[in-house]
Amino acid sequence: MARAAGNIEIGVSTPTVADLKKHLALATDQWQANFCVVPLAHPRYWRDHRRPRAEQFTRSDLVLDSNAWCRLVVGKLSPWIRLDSADEALRKQSEAAFKQEVAWAAHLNVPAVMLPPVGSDAVNYAHCVNQALLSAPHIQFWVRVPITHPPQSTAEAAGGDEDGSSGTGAWASWNRLRCLCEHAPNLGVSLELGADLPDDEAELERWLGEPSTLGLPGSPLGIFREPLRAVVTPAVAYLTNKRGYPTLSRRHQAALARLLQHKPRLLVSGRADAHSEGLGAHVQYLRYLVSQRLAPSQQERPQPRAAAGESLRYEAPYYDFLQAPLQPLQDNLESQTYETFEKAGGGRGRQGALRGGDPVKYERYERAVYLYLCQRHQPGGEPAVVMVVGAGRGPLVAATLRASAASGRRVRAFAVEKNPNAVVTLRGRCATEAGWDAVTVVPGDMREWEAPRAPVLADLLVSELLGSWGDNELSPECLDGAQAPPQAGHEARAQRYLKPGGASIPTDYTSYVAPLSSSRLWNEATPSQGTRDDLAHFETQYVVKVHRMGVAPAPLALAPTHDPRPSGAIDNSRVAQLSFDVPLGGELHGFIGYFHSTLWDDGSEAVHISTEPSTESVGMFSWFPLFIPLRTPVLVPEGGRVEAAFWRNASRHRVWYEWALTEPQPSPIHNPNGRSYHIGL
């Protein structure tokens with residue numbers, strides 16, 4: 001049997017299988033397929049529940065050993081089954097056959113069962129499938145969905161509805177089915193790319209939010225979890241090249257390349273004699289396409305090769321993996337967490353100093369400090385007092401020292417850090433690294449430390465306190481404490497670290513948010529055990545490198561934050577009501593949060609860092625976007641509108657966010673009073 005091509009398994013499906021053992025040998029040895037889709041019952045065996053037949057409806061399970069059944073075979077239901085037929089006798093026959101074949105599949109322990117297409121009003125189809133999902137939770141059920149054309153006849157659709165199996169109707173029918181089945185994790189899609197593709201390229205975007213999974217080593221079919229299980233290419237959709245071998249049109253290749261980013265299983269369906277070499281010629285062609293596919297990325301746009309390779313290498317393990325945001329005020333970060341953001345970014349830099357691992361972030365911070373020094377200070381003058389607040393293990397301190405050397409301006413640096421373990425590292429660097437004799441390490445919370453007023457006040461505050469959504473790691477609260485005495489509360493504050501006219505890097509940051517369609521992320525947020533009424537999972541925000549998502553409207557901005565703060569009352573609470581036009585309908589699973597920050601702008605050059613797609617800092621991996629889930633997915637119609645409200649709330653001891661959908665239908669307000677998730681001060 002062939003190895004999976006680039007971790008993508010390729011299977012074959014033929015209408016009939018006379019001798020299963022020989023067919024598997026042919027498919028896996030000669031055609032080099034990883035698995036076969038096989039009818040569960042004899043295609044000519046028509047069951048009548050009123051007159052049971054004595055002969056066997058299928059082959060014996062002794063034909064294969066249990067290892068072959070569970071690794072190499074995907075079952076396929078009988079094509080004549082009509083679960084929503086108006087003919088009561090046929091409907092009952094279909095229900096009996098459906099249950100019998102699903103029970104047989106469970107007995108064989110096959111990993112998946114291929115279901116026929118679903119119509120737009122297939123309520124009984126959904127009822128039967130839902131029962132099967134609950135009775136056989138170890139089996140994955142793949143619903144065949146043609147991306148464009150309806151089946152050859154209305155009789156092919158188990159739901160008995162032709163319109164529900166074409167274009168937009170196919171997706172709507174699938175979405176209706178999974179909603180009726182409560183988004184069961186073992187229900188998925190087998191998307192069929194027929195001879196013709198949709199005229200509207202946006203139709204393909206619907207399925208990019210229906211992600212797929214990888215198989216596990218040692219198991220060609222692996223463990224299935226996500227909705228898009230396979231992409232089917234019928235043999236009739238292939239063209240013939242000059243050498244007589246099958247090939248796909250350029251449009252098909254482009255569509256398949258988009259879907260390959262999400263690593264679905266590939267399936268060739270057709271007659272075994274579709275080519276002189278059987279379906280093996282099609283399998284080899286698909287292997288070639290897989291080997292030529294481009295490396296996946298969230299955004300399809302050019303980027304420098306070095307930055308692309310480094311960011312992809314770092315980000316790939318985190319694709320669609322939900323993580324709780326850091327709480328750097330409440331918790332002391334571990335060495336491994338610091339190292340995550342410091343490693344692999346250039347090794348040891350000048351003078352033996354450890355350079356920050358994020359090749360974009362620290363270069364831009366260094367550039368921002370350089371521009372500030374050149375604009376505000378003169379060569380040979382008094383040293384600029386730079387306070388790095390929240391210094392961690394010192395990457396921003398090192399960036400400041402490099403900027404000082406490059407600009408020819410001297411600096412006196414203070415590294416303020418509350419984590420006593422990181423302070424050990426900072427002091428070690430001061431003792432061993434060249435240039436660090438100009439650094440004073442301050443062990444303490446920036447909100448409580450009293451900077452010496454004579455003769456030292458800061459010319460510049462430097463921080464990297466931003467979170468995935470800008471202010472969700474408490475940058476406002478931290479810098480408020482650094483700029484004002486603790487007893488001031490939330491009243492007007494003198495900037496106690498800064499000289500009059502002092503500066504801050506960053507100078508501002510803005511949070512952005514957009515609607516998100518990604519059943520993968522929503523399923524990841526669903527508790528693996530317990531009920532879907534477990535609110536905490538859907539009232540928590542998650543850091544995630546979004547990889548599998550449907551097309552989303554452009555993000556909109558929330559209120560920006562500027563540093564240093566102007567004099568006057570400081571209120572870090574926020575409220576925003578936003579409206580998004582959604583040209584392409586689909587299922588809304590939540591929102592995705594970004595940020596854009598200006599580090600420094602001297603009037604002639606501006607330095608930014610951003611995760612917002614239109615201004616994204618390509619290659620920067622210190623921050624991933626923020627997933628803000630909805631408790632229940634909502635269907636948004638074509639040309640519809642999404643309206644939502646977001647709140648940032650602050651008290652003396654914690655900060656929390658609340659959010660609610662208002663259009664196309666209202667949702668409950670999520671996380672009221674921070675009942676499920678908050679950030680501790």
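Let's start at F595, which lies in strand 21 (residues 586-601); helices (H or I, at least four residues) and strands (E, at least two) are DSSP runs, numbered from the N terminus. The relative accessible area of F595 is 0%, so F595 is buried (buried means under 20% relative accessible area, exposed over 50%, partly exposed in between, with a 1.4 Å probe and protein chains only). Along the chain, F595 and V513 are 82 residues apart, yet 8.5 Å separates their C-alpha atoms.

A word on what you are looking at: this is a predicted model, in which local features need pLDDT of at least 70 and side-chain atom pairs count only at pLDDT 80 or more, while totals for chains, interfaces and linings use all residues. Residues are numbered from 1 along each chain as its sequence is written, and side-chain values use heavy atoms, with hydrogens and water left out.

Now turn to helix 1 (residues 20-30), whose buried residues are L20, H23, L24, A27 and T28. Viewed down the helix axis, these buried residues fall within an arc of 110 degrees, so they line one face of helix 1; the arc is that of the directions from the helix axis to the C-beta atoms. In general, an α-helix has 3.6 residues a turn, so residues three or four places apart point the same way. The face turned away from the buried side of helix 1 carries the exposed residues K21, K22 and Q30. Strand 1 (10-13), strand 2 (35-39), helix 2 (66-72) and strand 3 (73-76) are among the elements that cover the buried residues of helix 1, where contact means heavy atoms within 4.5 Å.

The ends of this helix are worth a look too. D19 caps the N-terminal end of helix 1, with a side-chain oxygen 3.2 Å from the backbone nitrogen of K21. Just after helix 1, Q32 takes a positive phi of about 65 degrees.

Further along, 5 strands form an open sheet in the order 13-12-11-14-15, with parallel pairing; two strands pair if DSSP finds at least two bridges between them. Strand 13 (439-443) and strand 15 (498-505) stand at the edges with a single partner strand each, so one side of each has no neighbour in the sheet. Strand 14 (residues 458-462) runs parallel to strand 15 and is joined to it by 4 bridges. L460 stands opposite A503 in strand 15.

Finally, the cysteines: the structure holds 0 disulfides, a disulfide being a pair of cysteine sulfur atoms within 2.5 Å. For C179, the closest cysteine sulfur is that of C181, 9.5 Å away and therefore too far for a bond. C179 is partly exposed at 37% relative accessibility, and C430 is partly exposed at 21%.

Key. A polar contact is a pair of N or O atoms within 3.5 Å; within protein, one must be able to donate a hydrogen and the other to accept it, and residues adjacent in sequence count only if both atoms are side-chain atoms.
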